[in-house]
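I opened my notebook to record what I looked up, one entry at a time. The model and its sequence come before my notes.

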Amino acid sequence: MESFTATVRRSAEVAATVTEHPERFRVLTGERPTGPLHLGHYFGTIRERVRLQQAGVEMLLVLADYQVITDRDTTAHVRENVHSAVLDYLAAGIDPERTTIFTHSSVPALNQLMLPFLSLVTEAELHRNPTVKAELSASGRALSGLLLTYPVHQAADILFCKGNLVPVGKDNLPHVEMTRVIARRFNERYGEVFPIPDALITSTPEVPGLDGRKMSKSYGNAIALSMTSDETVAVIRQSRTDENRRISFDPVSRPGVSALLSTAALCLGVEPAELADEIGDGGSSALKTMTATAVNDFLAPMRERRRVFSSDVDLVRAILRSGNEAAMTVAEATLDQVREAMGMIY
Ligand code: TRP
């Protein structure tokens with residue numbers, strides 16, 4: 001495994017090249033449709049994707065539906081989560097004319113790449129992945145074959161389209177690292193087919209949830225992009241703060257207060273400590289009012305666009321249909337090259 005600092009350094013170098021030479025990059029990234037997208041997704045990655053798209057970088061976004069069943073045994077809400085994520089993308093400024101949005105399960109040739117890729121990694125390497133280990137322990141279940149091997153599937157997501165730049169949060173760095181290993185080994189064994197992709201680590205630090213832990217739907221501490229402004233006020237009102245009326249930014253001893261300050265600060269584009277000074281002795285109630293207003297003002301234009309897009313009932317289906325078709329064409333071309341490199345042309 002490469003050191004984290006090396007990855008961060010390369011990420012910064014690539015980020016500098018992107019604006020100068022957008023044509024050199026093909027970005028592949030995405031998420032598991034396990035719940036509504038929230039502010040953490042927005043500041044963590046969606047905003048960056050819109051920027052890349054505006055810079056003229058070619059981009060594919062995967063709604064990784066097969067990744068939903070790595071650590072859970074229901075697909076009950078996948079369809080609505082996929083639908084909702086597409087609306088969030090559109091509202092945030094993703095343009096389906098320029099960016100391909102697709103779902104795993106619709107692209108057979110992508111999934112087939114998993115077979116040769118699995119042969120390129122050892123069981124020990126799979127077991128060593130820190131993110132898989134963390135997800136396993138969080139799931140409180142036995143390790144499924146898919147949870148153990150999904151980083152290889154994620155390599156197929158990235159490599160099927162020869163993606164060479166992968167905007168991800170820290171959680172996903174081990175997967176990008178594994179993708180690099182797989183691409184290198186494939187090329188060494190069978191001849192040059194794949195680029196060696198770079199991770200692009202987004203600049204925003206992890207967005208805290210309302211309780212100071214990582215923002216996650218499963219912790220119930222998230223502000224979904226699709227919430228109404230009243231729902232936003234309600235979750236912020238319910239969040240836990242403390243009795244101290246003097247507001248200060250101190251994430252370790254005051255996680256709730258600090259999470260609200262961080263959230264408002266991100267929305268307003270200022271520093272959390274500045275906001276704390278502004279509120280002074282106003283207490284939690286003033287802090288919550290200010291945060292709710294900041295979030296609602298920030299999300300208002302996106303929510304308005306979302307409302308307009310969602311009134312067109314066929315829009316999402318049409319976007320996915322054409323995105324899936326485009327992804328299939330790309331995946332089949334790559335799979336043909338893979339077959340040829342492996343001498344499996346009959
Ligand atoms: N694992 C990513 C997440 O946690 C989702 C994902 C699936 C992904 N395939 C990908 C991200 C390929 C980047 C590249 O949300």
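Before I start on helices, I note what the word covers: a helix here is a DSSP run of H or I with at least four residues, numbered from the N terminus. I also note that this model is predicted.

**Entry 1: a pair in helix 13**

I looked up E304 and R307. Both sit in helix 13, three residues apart, about one turn of the helix. An α-helix has 3.6 residues a turn, so residues three or four places apart point the same way. The side chains of E304 and R307 form a salt bridge, at 2.8 Å from N to O. Next I checked how open each one is. E304 is partly exposed, at 39% relative accessible area. R307 counts as exposed, because its relative accessibility is 51% and the cut-off for exposed is over 50%.

**Entry 2: other salt bridges**

How many salt bridges does a search of the whole structure find? I got 18. I picked D198 and R180 from the list. Their closest N and O atoms are 3.2 Å apart. D198 belongs to strand 5 (residues 198-201) and R180 to helix 9 (residues 173-190), so this pair ties together parts that are 18 residues apart in sequence. Are D198 and R180 buried or exposed? D198 is buried, with a relative accessible area of 14%. R180 is buried too, at 6%. I then found R10 linked with R180 and D198 in a network of salt bridges.

I also looked up R72 and D71. They form a salt bridge, with the closest N and O atoms 3.4 Å apart. R72 is partly exposed at 31% relative accessibility, whereas D71 is buried at 15%.

**Entry 3: helix 8**

Helix 8 runs over residues 145-159 and has 15 residues. I checked its span. From first C-alpha to last it reaches 21 Å, close to the expected 21 Å. Where is the kink in helix 8 centred? I found it at P151, with a bend of about 40 degrees. I then looked at burial.

I picked out Q154, which is found in helix 8. Q154 is buried, with a relative accessible area of 8%. Beyond its neighbours within four places in sequence, Q154 is in contact with Q67, N172 and H175.

**Entry 4: the nonpolar cores**

I looked for the largest nonpolar core. It has 58 residues, and L39 and I101 have the most contacts inside it. Several elements each supply at least two residues, including helix 1 (4-20), strand 2 (58-63) and helix 14 (315-341). Which helix gives the largest share? Helix 3 does, with nine residues. Domain 1 (4-204 + 313-341) and domain 2 (229-310) each give this core at least three residues.

Another core, of 36 residues, lies apart from the largest one; V62, C161, V176 and V338 are among its residues.

**Entry 5: S258**

I ended with S258, which lies in helix 11 (residues 255-268). S258 is buried, at 2% relative accessible area. Leaving aside neighbours within four places in sequence, S258 is in contact with S248, F249, D250 and P251. I also checked P272. S258 and P272 are 14 residues apart in sequence and 7.7 Å apart in space, C-alpha to C-alpha.

Methods:
Residues numbered from 1 in each chain as written. Predicted model: local features only at pLDDT ≥ 70, side-chain atom pairs only at ≥ 80, totals over all residues. Heavy atoms only, no water. Buried < 20%, exposed > 50% of the residue type's maximum accessible area, 1.4 Å probe, protein only. Contact = heavy atoms within 4.5 Å. Expected span 1.5 Å × (residues − 1). Bend = angle between axes of the 7 residues up to and from the residue. Core = buried A, V, L, I, M, F, W, Y, C linked by side-chain atoms within 4.5 Å. Domains from an automatic or database assignment. Salt bridge = Lys/Arg side-chain N within 4 Å of Asp/Glu carboxyl O.
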